[in-house]
Amino acid sequence: MKFIPEKYNIKDEPMKGFIDPNEIWEHINNAKVSMERLQEVIQKSLDKNRLNLEEVAVLVNADTPEMVEMIKKAATKLKETVYGNRIVLFAPLYVGNLCHNNCKYCGFQASNLEAVRKTLTIEELENDVTSLLDNGHKRLILVYGEHKTYSPEFIADTVRAVYKVKSGNGNIRRVNINAAPLDIEGFKTVADSGIGTYQVFQETYHPDAYKKYHISGKKANYENRLIALDKAQEAGLDDVGIGALFGLYDWRYEVLALVRHTNHLEACYNIGPHTISFPRLQDASQYDISDEYKVSDEDFTKLVAILRLAVPYTGLILTARETKEIRREVLQYGCSQVDAGTKIELGAYSEDEEGEAKQDLTKEQFLINDNRSLGEVIDELIEDEYLPSFCTACYRLGRTGEHFMEFSVPGFIKRYCTPNAILTLSEYLIDYSDKEKAVKAWKVIDKNIEDLKEKKLIIEVRNRIERIKKGERDLYF
Ligand code: SAM
Ligand code: SF4
């Protein structure tokens, strides 16, 4: 489903640059912040409208404790009223860390001679996928360095290999990608392998800062990266994810730029990004970045709440770069997807099955701060009365833009998302969880079933859970 956005007079052209740093800074510097104005902006978002740059500038400048509290409360309210309590779970799988580029913040940069380089063979990839399946995962994001080895054909082959793996009752039902920009033909090749979302992060939207951090290799070309996802759209791949790496430049600028990127895709292609990511810089091998723009926990939690309000219908992805405490807090502000059981050393899923392996930065892109297993993350989500979900129904039924539909189609969440979350969690509990731990989760499932209210639907969901208990799998609405 496509949608025609309110375009805020944006006259962008496809495949052309759209970031004007002066325009963004003017908005930030001229924002008129008062309690009254803040309330107006928040209300616009709670009324389910996307915010424009001037309004987002008000939010990023609102910095008294009272104002920040208002922003966070509003994000929580928006999340609760619009999205409910589902959290979608996934795992990243690093396929290869060869890289021609020199991004100064990344452990995989070409000049890092300490880095242990590896590209998984198809067999190693299958072994990792098997381990992830045996833990209960259903959704993966495959991650690659930027290197001639990782051609579109190579990426497509790895995606197909992942979909083919079966273990026990499990198979991967959605593969997303985080890799270098491709050309239009390349995006078509990868799309044909059946991917979900293709993510490319701009890292920083400030052209001069970008030059400073991206020393050599293809990625040094700011403009090329900026229009990467336009090319994906031109190739017919309309499910794309954008992101900024927080800590490279002023976080307020990056937040406005992410909204500007969203506007651009809406203005040119009538569809915004499916997801926004907001990774925060972490230590890495050969990491050499000053703390000038380091984002404090206080600002980070605030910026997540602001993003929720600014683009109320876009999925927000939160990763294990953050500690479990920060993750627990910002989940309240409307993150829709989190990774769990994350290991980013190549081949690590199948190498050390047990426990929390010590991180070795020469083998990893950066440090992660949440090493918990999938089971532990699910236990905490259940404790906090979220509904963990492995749902992949929309993608497989061709219902793209599901976050937008959840947001805008009345009853969509009750009709599809909650029942599918319940069914995928039921599968997880039956196949991968021990009985004692599952008791609380079944209670959460029961509560969510009752909250569906509609009798016919309740009966159908209960009926399908019984079918799952008897051995059927992959039932969805
Ligand atoms: N090589 C591809 C690229 O650069 O687009 C794939 C992405 S890279 C393997 C995944 C993302 O990790 C990058 O886009 C960047 O935002 C993030 N990243 C890199 N170094 C990081 C660090 N030190 N801390 C946190 N995130 C980092
Ligand atoms: Fe290579 Fe991506 Fe790391 Fe840059 S961020 S060095 S492109 S893997």
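Helices are DSSP runs of type H or I with at least four residues, numbered from the N terminus. The exercises below concern a predicted model.

**Exercise 1.** Determine in which helix arginine 225 lies, and whether arginine 225 is buried or exposed.

*Solution.*
- Step 1. Arginine 225 belongs to helix 9, which spans residues 222–226.
- Step 2. Buried means under 20% relative accessible area. Arginine 225 has a relative accessibility of 8% and therefore counts as buried.
- Step 3. Residues up to four places away in sequence being set aside, arginine 225 touches Pro181, Val200, Phe201, Gln202, Glu203, Tyr210 and Lys219.
- Step 4. With the side chain of glutamate 203, the side chain of arginine 225 forms a polar contact at 3.4 Å.

**Exercise 2.** Locate isoleucine 10 and identify the residues with which isoleucine 10 is in contact beyond its neighbours within four places in sequence.

*Solution.*
- Step 1. Isoleucine 10 is placed in the segment before helix 1 (21–30).
- Step 2. Its relative accessibility is 17%, so isoleucine 10 counts as buried.
- Step 3. The contacts of isoleucine 10, apart from those sequence neighbours, are Arg260, Asn263 and Ala267.
- Step 4. For asparagine 263, 253 residues apart from isoleucine 10 along the chain, the C-alpha separation is 7.6 Å.

**Exercise 3.** State where ligand 2 sits and describe the residues around ligand 2.

*Solution.*
- Step 1. The site of ligand 2 is the largest cavity.
- Step 2. Around ligand 2 are Cys99, Asn101, Cys103, Cys106, Phe108, Gln109, Gly145, Lys219 and Gln365.
- Step 3. By class, this shell comprises four nonpolar residues, four polar residues and one charged residue.

Definitions and conventions. Residues numbered from 1 in each chain as written. Chains lettered and ligands numbered in written order. Predicted model: local features only at pLDDT ≥ 70, side-chain atom pairs only at ≥ 80, totals over all residues. Heavy atoms only, no water. Near = heavy atom within 4 Å. 1 Å grid on protein atoms, 1.4 Å probe; cavity = no way out; pocket = protein on both sides within 12 Å on 5 of 7 lines; lining within 4 Å. Sits in = over half its atoms within 2 Å of the grid points. Nonpolar A, V, L, I, M, F, W, Y, C, P; charged D, E, K, R; others polar. Helix = DSSP H or I, 4+ residues; strand = E, 2+ residues; numbered from the N terminus. Buried < 20%, exposed > 50% of the residue type's maximum accessible area, 1.4 Å probe, protein only. Polar contact = N/O pair within 3.5 Å; in protein donor to acceptor, adjacent residues only side chain to side chain. Contact = heavy atoms within 4.5 Å.
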